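Please walk through this structure with me, one part at a time. Keep the sequence and the 3D view side by side as you read.

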Amino acid sequence: MMSQDIRLCFVGDSFVAGVGDETMLGWAGRLCADIDQTCLKITYYNLGVCRNTSSDILNRWEAECAARFPDRSDARIVFSCGVNDSVIEGGKQRVEIDESCANVRSFLMTAKQKYRVLLVGPPPVDNAEQNVRIGDLSAAFGYEAAILGAPYIELFPTLIDNEDYIKEISRRDGAHPGSAGYAKMAKIIGSSRQWWFHRTRS
C-alpha cells in the first residue's frame, strides 16, 4: 500500500522547469496534476534549473532533495538531463558522453540507497547534429539505468519522429516547446509502465 505522504522531487534542467510553457506546468506539473489525489497526498517540488548539465545536477541534487524529504515520507526523485551536456560551446561539448554517463551513474546509485528513483531521457532539439549527440546520450543513459536496475523512460525516440513536436520547437527557440509539446512529453512518461502513478479509470 502506498504511503499517504508522497514527496516528489523533479531534478533537472529547463525542460524539467517547463521553460516555454505558457501554462507554467511543463511535463512535471502535468504529471502531478493528473495524479488521482482522492486517495493520495502528493507534494511536488520542481527543481529544474536552466542550462544545468548532468555535472550541475550531480553537485546539487542531494542537498536540495534531502531538505524536502521529511522523515517517514514516501520520497521519490525524478532525474532528467542531457540536452545541455550535448551543447557545443567554445569548440567543445559542455560535458562529454563518458562524463555524462558517469554523472548519471553516480547520482542514480547514491539516490537509490535512500529513495525511489526514475530517470527521464533528454528530448530532441531543432538541430540535426546536436540530435545525434542527444540520441547517443539517450541510449547511453538507458544502459546505465538498466545496469543499476533503475527505471528509465526515453523521450527522444518518440519525439524525434513527431512532426508536430519538431515544428513546434522550430517555431520557438529551437529547443523548448510550448504547452502542446510538454503535454506530449507528459503523455509519454505518464503512459509508461515505469511511471509510478496511473489514474484509475472506470
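Ile97 sits in helix H4. The model is a predicted one. With a relative accessibility of 30%, Ile97 counts as partly exposed. Arg7 lies 90 residues away from Ile97 along the chain, and 31 Å separates the C-alpha atoms of the two.

Now take the helix as a whole. H4 covers residues 97–112, which makes 16 residues. From first C-alpha to last it reaches 22 Å, close to the 22 Å expected at 1.5 Å a residue. Which residues of H4 are buried? They are Ser100, Cys101, Asn103, Val104, Phe107, Leu108 and Ala111. These residues cover an arc of only 160 degrees around the axis, so they lie on the same side of H4. An α-helix has 3.6 residues a turn, so residues three or four places apart point the same way.

Cys101 leads on to the cysteines. How many disulfides does a search of the whole structure find? The search finds zero. Cys50 is in no disulfide, as the nearest cysteine sulfur, in Cys81, is 15 Å away. Cys50 is partly exposed, at 48% relative accessible area. Is Cys81 buried or exposed? Cys81 counts as buried, with 1% relative accessibility. The closest cysteine sulfur to that of Cys81 belongs to Cys101, at 9.8 Å. That is too far for a bond. A disulfide needs the two sulfur atoms within 2.5 Å.

Next comes the backbone. Most residues other than glycine have a negative phi. Met24 is not a glycine, yet its phi is positive, at about 65 degrees. Where is Met24 found? Met24 is in the loop between helix H1 (14–17) and helix H2 (26–34). Met24 counts as exposed, at 70% relative accessibility.

Arg51 also has a positive phi, near 70 degrees, and is a residue other than glycine. Look for Arg51 in the loop between strand S2 (42–48) and helix H3 (54–66). Arg51 is partly exposed, with a relative accessible area of 46%.

Last, turn to a pocket. The second largest pocket holds about 180 Å³ of space. Its lining has 14 residues. Val83, Asn84, Val87, Ala175 and His176 lie nearest the centre of this pocket. What kinds of residue make up the lining? Seven are nonpolar, five are polar and two are charged.

Notes:
Residues numbered from 1 in each chain as written. Predicted model: local features only at pLDDT ≥ 70, side-chain atom pairs only at ≥ 80, totals over all residues. Heavy atoms only, no water. Buried < 20%, exposed > 50% of the residue type's maximum accessible area, 1.4 Å probe, protein only. 1 Å grid on protein atoms, 1.4 Å probe; cavity = no way out; pocket = protein on both sides within 12 Å on 5 of 7 lines; lining within 4 Å. Points joined across faces, edges and corners; volume = space filled by probe spheres on them. Nonpolar A, V, L, I, M, F, W, Y, C, P; charged D, E, K, R; others polar. Helix = DSSP H or I, 4+ residues; strand = E, 2+ residues; numbered from the N terminus. Expected span 1.5 Å × (residues − 1). Arc of directions from axis to C-beta.
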